[in-house]
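Work through the exercises below with the model in view. Try each task before reading its solution.

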Amino acid sequence: MAPSAWRARQEMWNLKVMRKWFVAILLGSAVAFAHAADTERFVIVANGETVGHVVAVHNGPAVDIDYAVSDNGRGPKHKEHLVLNAAGIPVEWSIEGTSLMGGPVNEHMSWKNGVESWVSQADKGEVRTAAPRLYIGNDPSPWTLGVYQR
């Protein structure tokens, strides 16, 4: 492939990735304003076609999320479970499924009795803290951007 053709293909791929992140940010913003609903449903659109979904079901402080994207056979597919405290900070969080490129995702965080612990593909650890700290997931759904915004 000629360098100019390769560059054009790379620029097109970069635009597709940027569009997906833009949609994810919009979804996160919408969640910040729609958190009172029992069930939230969003579709993910790329190049004019639906390529995925985010469904968040609220049950008191618990939120169960189904997130899946299939764009040309690639995309994350996972389930999340969060329990939020009164301030909207997660005190329990699990993410299980597959990542963007199909690798396994098995991520967990919890805060109990003054200890916050976590396990992810990147690392694991724990810290003593009087109140839960905001955990930033490695492979979260776009819905969690709303948690970060609050």
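**Exercise 1. Asn72: buried or exposed?**

Solution. Step one: Asn72 has a relative accessible area of 66%. Step two: apply the cut-offs, where buried means under 20% relative accessible area, exposed over 50%, and partly exposed in between (1.4 Å probe, protein chains only). Asn72 is therefore exposed. Asn72 sits in the loop between β3 and β4 (77-84). Helices (H or I, at least four residues) and strands (E, at least two) are DSSP runs, numbered from the N terminus. Step four: check the backbone. Asn72 is not a glycine, yet its phi is positive, near 60°. Most residues other than glycine have a negative phi.

Before going on, note the ground rules. This is a predicted model, in which local features need pLDDT of at least 70 and side-chain atom pairs count only at pLDDT 80 or more, while totals for chains, interfaces and linings use all residues. Residues are numbered from 1 along each chain as its sequence is written, and side-chain values use heavy atoms, with hydrogens and water left out.

**Exercise 2. In what order do the 8 strands of the open sheet stand?**

Solution. Step one: read the order as β1-β2-β3-β4-β5-β6-β7-β8, with antiparallel pairing. Two strands pair if DSSP finds at least two bridges between them. Step two: find the edges. β1 (39-46) and β8 (124-128) each have a single partner strand, so one side of each has no neighbour in the sheet.

β2 (residues 49-59) and β3 (residues 62-69) run antiparallel and are joined by 8 bridges. Ala56 stands opposite Ile65 in β3.

**Exercise 3. How many bridges join β5 to β6, and how many pair β6 with β7?**

Solution. Step one: 7 bridges join β5 (residues 90-98) to β6 (residues 104-112), and these strands run antiparallel. Thr98 has Pro104 in β6 as its bridge partner. Step two: look at the turn. The β5 and β6 hairpin has 5 residues between the strands, and Gly102 there takes a positive phi near 95°. Step three: β6 pairs with β7 (residues 115-119) over 5 bridges, again in the antiparallel sense. His108 stands opposite Val119 in β7. Step four: the β6 and β7 hairpin has 2 residues between its strands, and Asn113 in the turn has a positive phi of about 50°. Asn113 is exposed, at a relative accessible area of 76%.

**Exercise 4. Which residues do ring pairs link into a cluster?**

Solution. Step one: set the rule. Rings of Phe, Tyr and Trp (its six-membered ring) pair if their centres lie within 6.5 Å; planes under 30 degrees apart count as stacked, over 60 as edge-to-face and the rest as tilted. The count comes to 2 aromatic pairs. Step two: the rings of Trp93 and Tyr135 have centres 5.7 Å apart and planes at 75°, so this pair is edge-to-face. Trp93 lies in strand β5 and Tyr135 in the loop between β8 and α2 (144-149), 42 residues apart. Trp93 is buried at 3% relative accessibility, and Tyr135 is buried at 9%. Step three: Trp93 and Tyr148 form a tilted pair, 6.4 Å centre to centre with 45° between the planes. Tyr148 belongs to helix α2, 55 residues from Trp93. Tyr148 is partly exposed, at 22%. Step four: the cluster is Trp93, Tyr135 and Tyr148.
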